[in-house]
Amino acid sequence: MKKILVLLSGITFLLSFTIKDQKGTYPIEPVPFTSVKLTDDFWAPKIITNYKVTIPIAIGQCYNTGRVDNFKIAGKLQEGKFCTEYPFDDTDIYKLIEAASYSLQTIPDKDLEARLDTLITFVGLAQEPDGYLYTNRTIDSVNTHPWAGDKRWLKAPELSHELYNSGHLFEAAVAHFQATGKRSLLDIAIKNADLLVRDFGWDKLHIYPGHQVVEMGLVKLYNVTGKREYLELAKFFLDVRGPGGDEYNQAHKKVVEQIEPVGHAVRATYMYSGMADIAAIYNDTSYSNAAERIWETLVTQKMYITGGIGSGGGNEGFDPPYVLPNMSAYCETCASVGNIFWNQRMFLHDGDGKYYDVLERTLYNALLSGVSLSGDRFFYPNVLESFGQHKRSAWFGCACCPPNIARLLPSIPGYIYARTGNEVYINLFISNTATFEFQGSDLEIIQKTDFPWGGKVEIVINPSEQKEFTLKIRIPGWARNEVLPGNLYSFNDNISPKVILRVNGKESDTKTDKGYIVINQTWKKGDRINIYLPMDVRKIVADSRVKADRGRIAVQRGPFVYCAEWPYTADGKVMNLLFDEKADFSPEFNDTLLNGVVALKTKARPAKYNLNKEIEKGDLREITLIPYYTWNNKGAGEMTVWLSVSDSSVRPSPAPTIASKSNISASVPTRALMAINDQYEPKNSIDREWPFYHWWPKNNSWEWIQYDFAEESTVSVAKIYWFDDGPFGGCRIPDHWHIEYLSGDSWLPVKAKNDYPILKDKWNIVEFEPVTTNAMRLKVKLPEKFSAGVHEWVVE
C-alpha cells in the first residue's frame, strides 16, 4: 500500500491505493500537477474561469442535449430512445468527469464532487453485467446507430467508437480516483477493461479501434492498477493495426512502418501518444523510431506557425507536405490537445527540449484560441485567416472540443516540472510553488516570473537538506533563434537574441544541451537562479514551398504569435493591408485590453482595386496587433496571422462594381455571403483558401441568392463560379440554375441567349437580353443527395 500526501489550497489529505511492481516506465517522470500550486496572473485565472464557467456550462449542456439521459435510459432509470446524434457522445460525460476531477485537485468543491458522484452513478447503472458500456447498444440492441453495427465490436475498426468510449472512460476513472481516492468510477473502468482483455488479443478478436485513445487509457489504467494485461492490450491494439486499412485512421501501414502524419489529426495524435507510451515502457526502438520519424515530418512540413495541426477540413486532418492554407485551416482544438499529449510523452522518453518547444507554441496559441476569454464560447477549427465568417459557438452537435479543453487547462501545472533519479527539469516558466519528493526527501521550487508578457524569471531552490543534483532549465527555441525545429519557418530579421543567466548573483554560461541549460552543483536552501529571456518582436517567414504564406510575414513576441484583427483598424478591414517588411512593431502592455495583453503597434497601407483591376495604395495608418489566441472576442470580422508585404499576397478591397456595392441576402443567410462579391477568383471549385458560400446540409431543393443594387442598373451578363468540395465533401455543382430580375413586385426570368452552363473549375457565364432593375436573384436547384455552393457571382 502506497500513501500519497496531497496539498490542495491548504487542505491536506491522504490518497491510498495499491501500486503493483511494474516493469518499465518513462525514463523521465513528470512532477504531478497536484504538487504544483500556480501563483501567476496568466494561467491561474484561466483555470479558475474553467472551473467557474466552462465546466459548469459543459455539464449543463450534457444534461440539456440528452447525453446524461442516454446513461439514465440505459440504466433503466427512465424510458426513451437514444437521445443524441452520435454513439461517441458518451465520452463527453467522461471527459467532463476528468476535467472536473483535475479541477478538484486545485479547487476543492464539495458540490462539484457530489455532481460527479451522481454522474458516476448513472454511468455505473448503464454498464452491462459483463462490463460492456456503450449506451447506444444497451438502450436498443436491435435498432442501433448505423455506425454501431449489429453486434458488439463489429464496426469497432470503423465508426462504432466502442473502444474510443472505453479509452476516455479509463482516463476519467484514473483522474477521478487520483483526485478523490474514490473507486466508484475506477471499478467501472476496470470491469470494462477486463472485458476488453477477455475479448481482444492474438488468440481472440484481431480488431483495432477506428478512433484511437483506448491505448492511452489502458496505459493509464495499468499505471494505477499494475495489471500488466492492460499494458499488453494497449500494445496489441497498436500492433494489430494495419496494413491494408484506411489512411484516414492511420491503418494503411503497420504503425512502426509509418513515416508521416496522415489522416484524421485527432486520431493520429492519440495514436502517436500511445506509441510513445509503448516505446518508453517496453524500451521498443521500433516504436520510438517510428514516433520520431512522424514527429520530424510533422514539424518540418505540416505544422502551422500557431502550433495547430490538420489543414484539411475534408478529413479533419493532414494534407500533403507544405499545404497549409490559412482561411481553411482546420487546426481542430482536440488536435492541439492531442499534440500536447504527444509532445510531453516524447520529451519524457528522451529529454529533448524540442518537444516542449512545440508543446509551448501549441499551448499559448492554437490551444488557447479554442476557448473564449469568458470561457463560454468555443472554436472547433482554429483558422489563421477570416473575412468574418468564423465565430466561436456555445456548443456543438459533435461536442468533443469543449470537454477536451476543459480537461487540459487544469492539468497545466503538471507540465512544468519533470525529474529523474538525479535530474530536475524546468520546462515551462509559470509563477508557482512546487513541492515534491526527490532523492528521498522533499524539494521545493519557487518560480516568480512576469512571463509570458515579460522575460524575467527567478527560481529559488529549497531542498529539505543540502544535496547534489543536476538542474536542467529549458530555454525556448524562439529565445535561441529557432522558430521550430527544422526549416519550415525561420526568423527574417537581424536580431541575435541573448539569454542571461545568473546563479546566486553570478553570471553563468548559457550554453544549452538539447535546449536546456545544465547546472550541476550541490544545492542548498535559498539558492537563487535569475534568467532573462529576450522578448524582442520577431518577424517570421515560411518555407517558400508553403504557397499560402509567400509574400507574407508572421510576427511573434515571446511564446505568442500575433494577428491583425478588425476592431483594431480604422475601417474594420485587415485583409487589404500592406505592411512594410522592415516595419517596426512597438510592444505595449494594456491591462484593459482583452484581460490584459501586450499589444504591438505598427503601421500599414490599405490597398484597393480600381476598375482596371490595378492595385491602388493609400496612406500609412496605425494598426494594433493582438495575440492570436485573443481574436474573435470582440465579435466576428476580418483577421489574419500572416501579414502581406507584397502586392502578390495582399487582398485589395474590391472595385466599386454593381455586385460589390449590392446588399446580399439568401434563402439561407450566413456571414459567408460576404464571399459572393469579394472579387477573389478561386484556383478551382474545391479551393478552400478563399471564402465561399454554401447551402449545406440542405439538398434536393430550390435555393437563392439575391443582389439588391445600390442603384437601378442595366445588366446583361451573369458569371458564376461554383463551389464543389469533391468526393469526400457535401457540396456538388447544382442540377440547374437560372437568373431572375425584379420587375415591379414580381421576379421574372431573364431571356438567356445561351444555355446555362454547369461546370466545375471555371466560370459559368450566361448572356441575356439587357434588363434594367434594382435587384437580381440567382436561383439554384440543389442535387438530390448533395448540397451546393458559390465562390463568386458577377453581374455586368
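**Pairing around strand E9**

Asn 432 finds its bridge partner in Gln 447 of E9. The model is a predicted one, in which local features need pLDDT of at least 70, side-chain atom pairs count only at pLDDT 80 or more, and totals for chains, interfaces and linings use all residues. Residues are numbered from 1 along each chain as its sequence is written, and side-chain values use heavy atoms, with hydrogens and water left out.

Strand E8 covers residues 432-438 and strand E9 residues 441-449, and the two pair in the antiparallel sense over 7 bridges. Strands here are DSSP runs (E, at least two residues) numbered from the N terminus, and two of them pair if DSSP finds at least two bridges between them. The hairpin of E8 and E9 has 2 residues between the strands, and within this hairpin Gln 439 adopts a positive phi near 55 degrees.

On to the next neighbour: E9 also pairs with strand E10 (residues 456-463), in the antiparallel sense and over 7 bridges. A hairpin of 6 residues provides the link from E9 to E10. Across this pair, Ile 445 faces Ile 461 in E10, while Thr 449 lies opposite Val 457 in E10.

These strands belong to an open sheet of 7 strands, ordered E4-E8-E9-E10-E17-E13-E14 with antiparallel pairing. Because strand E4 (36-38) and strand E14 (506-507) stand at the edges with a single partner strand each, one side of each has no neighbour in the sheet.

Key: Helices (H or I, at least four residues) and strands (E, at least two) are DSSP runs, numbered from the N terminus.
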